[in-house]
Protein chains: 2
Amino acid sequence: MSEFVTIGRAAARAGCKVQTVRYYEQIGILPEAVRTEGNQRLYSESHLQRLVFVRHAREMGFSLGAIRDLLSLADDPDHSCEAADAIACEQLEQVNRRITHLRALKQELERMVEQCRGGVIADCRVIEVLGDHSKCADRTHGARA
Amino acid sequence: MSEFVTIGRAAARAGCKVQTVRYYEQIGILPEAVRTEGNQRLYSESHLQRLVFVRHAREMGFSLGAIRDLLSLADDPDHSCEAADAIACEQLEQVNRRITHLRALKQELERMVEQCRGGVIADCRVIEVLGDHSKCADRTHGARA
DNA sequence: CCTTAAACCTACAGTGATTGTAGAGATTAG
DNA sequence: CTAATCTCTACAATCACTGTAGGTTTAAGG
């Protein structure tokens, strides 16, 4: 009852493009797939699981490098959880940094857009603010992101 | 009092690498710079302003395409402000979308990390959650493996 | 004036993570 | 059997830089 599927179905199930799956194989993130007589790739359930893992991790923002590490950890079930935890923590911190950064941007953009209501370019806050750092909200303040 | 500066100083003032400045010239974001007898680029104050504008906009997350548009708008001071406003609004929306996305990630990562305290890979929530969509936040108010 | 170090020049390759293309062959439904 | 769809390889393109090699120019010190 080996339920092998073609690359198209595998990609569909993982929510990515066919090329992406081939790319993962190419860079060694996925092992080489079995082939049909006609040289087409076939994916087993465990292949699919690995692919889903990768896609899910990508959606969570993990880099392929981090995913590679996670996979090699996952392949050793007796290993301590510590390293996987560390990778996830690092990812979480990165996400927090990005959120902080984006919130600052959001404020600045809101200010820009708010002050630019009609008028001509010569008086445009958007252009003006972008051209002059000193017109930024409070850039010399938080200092960290 | 033509205060021309070399590319190194220009880059330093804009907070980017020398190569980046040359790259901007190459793709037409910045006009070609004047050269010394020895073929080295020199930047005037207006050049510098444009470069600072570009870098600031990049820091705000605008794509080079959007920046190109903003620049051509900025070059026409009598033009209506509308288009610049629209670009900034689109950017603001993008930032909002990203923040929303990142907040969801943050939650999921926090859950993963929280539940993975010590133990071995075989029981690791990080690995487990990444390998199984059904264990994601929105469905797992009571689920366990 | 000469030397040395730093900064600059061009041209091109590499990054990350895909995505797109061309031109062929395989598979499946009608 | 045929037509449509899918898959194959191999390679180029994307975005916004960044790095490298190998050479030239410039500023400073002796």
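C89(B) is partly exposed, at a relative accessible area of 24%. C81(B) is buried, at 1% relative accessible area. Here buried means under 20% relative accessible area, exposed over 50%, and partly exposed in between (1.4 Å probe, protein chains only). Across all chains, a search of the whole structure finds 0 disulfides; a disulfide is a pair of cysteine sulfur atoms within 2.5 Å.

This is a predicted model, where local features need pLDDT of at least 70, side-chain atom pairs count only at pLDDT 80 or more, and totals for chains, interfaces and linings use all residues. Residues are numbered from 1 along each chain as its sequence is written, chains are lettered from A and ligands numbered from 1 in the order in which they are written, and side-chain values use heavy atoms, without hydrogens and water.

Now take helix α2 of chain B, residues 18-26. Helices (H or I, at least four residues) and strands (E, at least two) are DSSP runs, numbered from the N terminus. T20(B), V21(B), Y24(B) and E25(B) are buried in α2(B). Seen down the axis of α2(B), these buried residues fall within an arc of 145°, so they line one face of the helix. The arc is taken from the directions from the helix axis to the C-beta atoms. An α-helix has 3.6 residues a turn, so residues three or four places apart point the same way. Exposed Q19(B) and Q26(B) sit on the face of α2(B) turned away from its buried side. After α2(B) comes G28(B), with a positive phi near 85°.
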